Each structure stands twice: as C-alpha cells, then as structure tokens.
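Hi everyone, thanks for coming. Let me put the structure up, and then we can walk through some packing together.

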Amino acid sequence: MTPSPPALLIAGHGTRDEAGAEAFRAFVRELGDRHPGLPVAGGFIELSPPPLGDAVAGLVERGVRRFAAVPLMLVSAGHAKGDIPAALAREKERHPGITYTYGRPLGPHPSLLRVLERRLDEALGSAGDRADVTVLLVGRGSTDPDANAEVHKAARLLWEGRGYAGVETAFVSLAAPDVPAGLDRCARLGARRIVVLPYFLFTGILPDRVRRQTEEWAAAHPETEVRSADVIGPEPELLDLVWERYEEAVRGDLRMNCDSCVYRIALPGFEDKVGLPQQPHFHPDDDGHHHGHGHHHGGHAHAH
C-alpha cells in the first residue's frame with residue numbers, strides 16, 4: 001500500500017495589517033482547494049493569527065504524522081534560517097511521533113520575476129519605452145547580509161534582458177539604502193522616470209510605507225516622474241512555486257544556500273552569530289509557549 005503524501009504546512013512571517021494577514025490565509029485556502037486530497041495548513045511566526053503551532057496542532061488533529069513545511073518568504077533571512085526550524089523542532093517535542101521536512105524560501109524564481117515584470121507593465125501602462133525607465137526594487141531589509149544580497153540578486157535578474165535603463169535596490173527597514181536614499185541614487189544616475197517596485201508577496205504595513213515614502217519623495221522632486229507598482233500578490237505563479245518547493249522538500253531535493261550564511265561563515269561585523277543556537281520565535285497567540293522554547297541548534301542544518 002502506497003503511503004499518503006506528507007501534508008503541506010505554509011509558514012508565514014506575520015503582519016499587523018489585517019488585509020495582509022487575510023491575504024496569506026486566503027492563499028493557504030486556495031492551495032488547499034487546488035489539492036483537495038492533501039491536508040494543507042498555514043500559520044505565522046509572529047504578529048498575526050494563527051500561530052504556526054496552531055497550524056501544526058490542526059494537522060495533528062486531522063491525523064497527520066508527516067508534513068513538509070514551506071516558508072512563504074522571498075529571501076532566506078533569520079526567520080527562514082532560524083525561527084521556523086526552531087519552531088518546527090519545538091512542535092516535534094509537543095507532538096511526539098510527527099516527522100517533517102523543511103523546504104527552501106521562494107527566492108528570485110523566474111516565475112516571480114515574470115510577475116514583477118507584469119507589475120511594472122501595469123504601473124507604466126502605455127507610457128513610453130522601457131529604455132527610459134529605472135526600477136527601484138524595494139525589499140523588506142534584514143540584519144542578515146546574505147538576505148539583503150538576495151534582493152540585489154533579484155534586481156540584477158530582473159534587469160537582465162528586459163530592456164530597463166537600470167534596476168536599483170533599496171530597503172524599507174533595517175538595511176541601507178532606504179527608499180528616499182534609493183530614489184536619490186536613481187536621480188543621481190540620471191533617471192527621469194522611476195518605478196518603485198515593492199519586493200513583497202502581499203499587502204501590509206511595510207509595502208504601505210514604501211508607497212507613502214515614494215509619494216513624499218516624488219512631491220519633493222517634481223522634475224522626476226515616479227510611479228508605484230503593486231506587490232506580487234496571490235498569482236498563479238506563486239501558487240505553482242509553493243507547490244514546486246513542496247515537491248522538492250518531499251523528494252529531499254533541498255538546495256539552501258549556506259555559502260554566505262552568518263550562522264556558518266564569519267562575515268565581517270557578524271562574527272558573533274557563527275554557531276549561534278536558534279530558538280523558536282515567540283508568537284503572542286501561541287498559548288503553548290509554556291512548554292519551553294528550548295535551545296535547538298537550528299541554523300539550517302536541516303538542509304544537510
């Protein structure tokens with residue numbers, strides 16, 4: 001008898017924006033509708049209900065003993081490298097007998113680059129030639145230099161072969177340059193038409209901040225045409241990519257980048273993070289946190 005495939009668990013970051021949180025929950029429901037024979041659940045690391053622990057408990061109540069967890073995140077920062085693996089290790093202690101595999105973040109996948117290109121086309125409409133357009137790709141920003149470098153990689157891949165004048169990079173929090181500084185850089189490079197493109201999956205507090213800062217900068221620089229593009233959103237390409245990451249995890253085809261991970265490599269200014277034990281991220285709605293957070297050495301040893 002062929003065993004049933006592992007369930008699918010989607011791990012999200014969380015947001016204080018209810019519309020963004022509901023977009024995640026609706027996305028998880030859509031994945032479940034697409035794969036009716038497979039248990040599908042999703043939860044957040046912080047800020048939004050349901051917490052990841054509740055999602056795992058719900059699967060266990062449905063009789064699930066094996067699942068594959070996919071981080072619904074564009075870059076491999078601290079949440080994907082440490083918080084989620086540690087949280088999953090905690091859930092394994094809470095629910096003896098379960099097993100899981102852990103997939104990799106979404107990354108600058110070609111299908112998502114096509115969606116970003118579509119968002120740029122929507123923002124530009126019929127207004128002129130791409131050769132006159134400079135794109136400012138704005139990521140979340142992280143204290144992890146590897147995660148910030150992934151946003152730069154996405155910017156370069158978006159620029160290649162698409163005919164834009166250039167694609168520059170900025171961050172909305174925790175990393176430089178910020179949005180105004182990124183726009184200043186575009187202007188100093190001679191840009192006369194700029195499209196600010198948020199590198200986010202769903203709406204939320206930070207994408208709203210990107211748009212607001214863009215509008216403020218544009219009002220102060222009327223000589224430059226500035227437009228704002230939309231977030232990626234729950235497009236079919238995103239649904240397909242999550243399923244691809246699920247299938248990779250089930251097959252054991254895990255290719256997480258460890259070459260520039262601060263938990264493995266002594267990068268300048270981050271030497272204290274090498275070998276740092278990872279702990280589950282506390283979720284305010286997780287009433288099971290009294291079980292103990294434990295000191296699980298997470299990092300991303302799961303990929304090996």
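Helix 4 (residues 110–124) and helix 8 (residues 236–251) pack with their axes 9 Å apart, at an angle of about 165°. Helix 4 is therefore roughly antiparallel to helix 8, a term used for angles over 145 degrees. Axes here are lines fitted to C-alpha atoms, for helices over the stretch in contact, and angles run from 0 to 180 degrees between N-to-C directions. Helices are DSSP runs of H or I with at least four residues, strands are E runs of at least two, and both are numbered from the N terminus.

Who makes the contact, meaning heavy atoms within 4.5 Å? Helix 4 brings Ser-111, Leu-112, Val-115 and Arg-118, and helix 8 brings Glu-237, Leu-238 and Leu-241.

A quick word on the source: this is a predicted model, where local features need pLDDT of at least 70, side-chain atom pairs count only at pLDDT 80 or more, and totals for chains, interfaces and linings use all residues. Residues are numbered from 1 along each chain as its sequence is written, and side-chain values use heavy atoms, leaving out hydrogens and water.

Four strands form an open sheet with parallel pairing, in the order 6-5-7-8; two strands pair if DSSP finds at least two bridges between them. Strand 6 (166–171) and strand 8 (225–228) are at the edges with a single partner strand each, so one side of each has no neighbour in the sheet. On average, neighbouring strands are turned by 25° against each other, direction ignored.

Strand 5 (residues 133–139) runs parallel to strand 6, joined by six bridges. Gly-139 sits opposite Phe-171 in strand 6.

Note on methods:
Angles under 35 degrees count as roughly parallel, over 145 as roughly antiparallel, 65 to 115 as roughly perpendicular and the rest as oblique. Contact means heavy atoms within 4.5 Å.
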